[in-house]
Amino acid sequence: DLYLSTSKTVNTQGGNLNLRASDLFSDGTFDAGTGDITILSLDNGSIGLGDFSDQDLDISSTELQNMTAQNLYIGDSSSGNIVVDGITDTNSGNIVDLVHLDATRDDASITFRSTASSFRTLLAEADNGITVNSNLETSVGDLSLNGDKDNLGAADSLDGIVFNNGIIITAAGDLNLDAAKGGLSSSGTLNLEANQNINLNDSLDISSDLVLYADKDESGAGNI
């Protein structure tokens, strides 16, 4: 496990910071400045982002809020499942640009649980599907989800992006949705909104009402 005590700081002076541990217990601050932070679970375990503790490595909302970096990379091609719940714009606001959730190991998935989450810019990629059970938004840049990163002909069990009923996805930039094998689906109503373009790169199957709202800020820059 990795422990950082209250009021203590790890400061890389703009260099990249790589953290790998079986779990994280931090009351201090990780500051990479203009560098990037990468967080990996020891033994390629699962990673949780939010205020719960049922994954192998859990990053609480406060621990995230106490991280400063240009980009934050969570997981990689050897990591397990990633679960996200209840990350506010304040929690993720010290990551200047991209939060990248990478669950592209064979059969790994990403789940957004029941409480809405917000990031400045988000890229979430999984090998075996993304399940969205809560509203999701970006406040500055693109919001991109890929539920079938390997694009292999032999499907995993999901390989798609599944939206629960009543979900609203809002991108401050482009909204990009990809799931080559499993496609996109919703069990009920779905709102997809972007200030710029909405890019549906695979088929969408929905059982109720759908709203596609490009150029939401009416800047004249958005298409479907």
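Predicted model: local features only at pLDDT ≥ 70, side-chain atom pairs only at ≥ 80, totals over all residues.
Colleague: What makes up the secondary structure of the protein chain?
Modeller: 2 helices and 26 strands. Both are DSSP runs, numbered from the N terminus: H or I of at least four residues for helices, E of at least two for strands.

Colleague: Why is the protein chain called as compact as a globular protein of its length?
Modeller: Its radius of gyration, taken over C-alpha atoms, is set against a globule rule: 2.2 Å times the number of residues to the power 0.38. For 224 residues the rule gives 17 Å, and the chain has 17 Å, so the description holds. The C-alpha trace spans about 50 × 40 × 25 Å along its principal axes.

Colleague: Why is strand β15 called largely enclosed?
Modeller: Buried means under 20% relative accessible area, with a 1.4 Å probe and protein chains only. In β15 (residues 121-126), 5 of the 6 residues are buried, so the rest of the structure largely encloses this strand. Across the protein chain, buried residues make up 50% of the 224.

Colleague: How do you know that β15 pairs with strand β12?
Modeller: Pairing requires that DSSP finds at least two bridges between two strands. Strand β12 (residues 98-103) and β15 run parallel and are joined by 6 bridges, so they meet the cut-off of at least two. L101 stands opposite A124 in β15.

Colleague: What links β15 to strand β18?
Modeller: 4 bridges, in the parallel sense, with β18 covering residues 143-146. Here A124 stands opposite L145 in β18.

Colleague: Which strands form the open sheet with β5, and in what order?
Modeller: The order is β2-β5-β9, with parallel pairing. β2 (9-11) and β9 (67-68) are at the edges because each has a single partner strand, which leaves one side of each without a neighbour in the sheet. β5 (residues 29-31) pairs with β9 over 2 bridges. D31 stands opposite T68 in β9.

Colleague: How many contacts link residues 24 or more positions apart?
Modeller: Contact means heavy atoms within 4.5 Å. Among contacts in the protein chain with a separation of 6 or more, such pairs account for 47%.

Note on methods:
Residues numbered from 1 in each chain as written. Heavy atoms only, no water.
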